[in-house]
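Subject: Structure handover

Hello,

Here is the structure you are taking over. Please open it beside this message and look up the residues as you read.

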Amino acid sequence: MSATRHILDGFAAVDPRIWQAVIAGLFVAVGWIVNGAQNRRDAARLRLEQCEDVQRALAAEIKHYLEVLEGEDLNAAWEAMQPRIADGYVPFLPTEYNDMVFQSVLDNIHILPKSVIDPVVKYYSQLNAIEVQIADSRLKPFIDGTDEASRKRREIAYFQYLQMKQRARTYAVEALKQLGADPAVSSPGSARSDQ
């Protein structure tokens with residue numbers, strides 16, 4: 001009992017100004033802890049909102065192109081174009097820009113979960129391959145050749161282009177599923193790829 005009394009007497013002997021400083025310091029320290037916890041909670045909420053916004057925007061862009069692809073009968077396009085190419089026709093492949101949202105969020109792609117990033121990047125990589133194929137189809141050697149080998153190259157290139165569009169369709173469905181969006185298309189072909 002005397003040890004406890006001795007400690008209490010020691011506390012009572014401390015200058016009240018020191019007690020005020022200790023209490024004020026404790027108050028400030030608790031404030032820092034609470035404020036830090038609130039800041040971390042707000043940052044996590046903001047990151048979640050950004051992640052959801054990016055996913056929603058990517059899903060909208062992918063869904064738009066999927067609607068375009070669903071409206072195209074790629075087999076019928078091949079069957080109609082193949083004899084024409086064999087006769088010397090040079091198919092014109094229109095330029096497509098279907099990655100404006102992706103390009104705008106690319107710097108913040110890290111906020112997405114890995115399970116979402118992989119199929120989304122795979123889909124957009126396929127779109128890039130399609131764009132390269134379109135650019136290649138405009139090269140002078142591709143357009144100007146009139147011999148049988150040139151016609152065969154155009155035929156193969158057009159067939160590969162249609163295959164890439166088919167893979168883009170498959171990748172779009174996978175990406176939409178990972179983004180939590182319904183890959184079902186309500187009105188196939190309602191959107192045009194040149195928009």
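The model is predicted, and every value here was computed from it.

Empty space

Rolling a probe the size of a water molecule over the atoms shows where empty space is left. Across the whole structure, the search turns up one cavity of 30 Å³ or more. The largest cavity holds about 40 Å³ of space. Which residues line the largest cavity? The lining consists of Pro 91, Leu 93, Gln 133, Ser 137, Phe 142, Arg 154, Ala 157 and Tyr 158. By class, five of the lining residues are nonpolar, two are polar and one is charged. Helix α7, residues 148–178, provides the largest share of this lining, with three residues.

The largest pocket contains about 170 Å³ of space. Its lining has 13 residues, and those nearest the pocket centre are Glu 72, Tyr 158, Tyr 161, Leu 162 and Lys 165. Eight residues of the pocket lining are nonpolar, one is polar and four are charged. Helices α3 (74–86) and α7 each contribute at least two residues to the pocket lining, and α7 gives the most, with four. Tyr 158 is named both in the lining of the cavity and among the residues nearest the centre of the pocket.

The nonpolar core

How many residues are in the largest nonpolar core? There are 35, and the ones that touch the most other members are Leu 58, Ile 62, Tyr 65, Val 120, Tyr 123, Tyr 124 and Ile 130. At least two residues of this core come from each of α2 (16–70), α3, α4 (100–105), α5 (114–136) and α7.

Leaving aside neighbours within four places in sequence, Tyr 124 is in contact with Leu 58, Glu 61, Ile 62, Asn 98, Asp 99 and Phe 102. Leu 58 and Ile 62 are also on the list of core residues that touch the most other members.

Two helices

Helix α7 has 31 residues and reaches 45 Å from its first C-alpha to its last, which is close to the 45 Å expected at 1.5 Å a residue. Just after α7, Gly 180 has a positive phi of about 80 degrees.

Helix α3 has 13 residues and reaches 18 Å between its first and last C-alpha, close to the 18 Å expected at 1.5 Å a residue. Leu 74, Met 81 and Ile 85 are buried in α3. The cover over the buried residues of α3 includes α7.

Two single residues

Gln 55 is in helix α2. Is Gln 55 buried or exposed? Gln 55 counts as buried because its relative accessibility is 14%, and the cut-off for buried is under 20%. Apart from neighbours within four places in sequence, Gln 55 is in contact with Leu 112, Pro 113, Val 116, Gln 178 and Leu 179.

Tyr 89 sits in the loop between α3 and α4. Its relative accessibility is 33%, so Tyr 89 counts as partly exposed. Apart from neighbours within four places in sequence, Tyr 89 is in contact with Met 81, Arg 84 and Arg 154. Tyr 89 and Ile 134 are 45 residues apart in sequence and 16 Å apart in space, C-alpha to C-alpha.

Regards

Definitions and conventions
Residues numbered from 1 in each chain as written. Predicted model: local features only at pLDDT ≥ 70, side-chain atom pairs only at ≥ 80, totals over all residues. Heavy atoms only, no water. 1 Å grid on protein atoms, 1.4 Å probe; cavity = no way out; pocket = protein on both sides within 12 Å on 5 of 7 lines; lining within 4 Å. Points joined across faces, edges and corners; volume = space filled by probe spheres on them. Nonpolar A, V, L, I, M, F, W, Y, C, P; charged D, E, K, R; others polar. Core = buried A, V, L, I, M, F, W, Y, C linked by side-chain atoms within 4.5 Å. Buried < 20%, exposed > 50% of the residue type's maximum accessible area, 1.4 Å probe, protein only. Contact = heavy atoms within 4.5 Å. Expected span 1.5 Å × (residues − 1).
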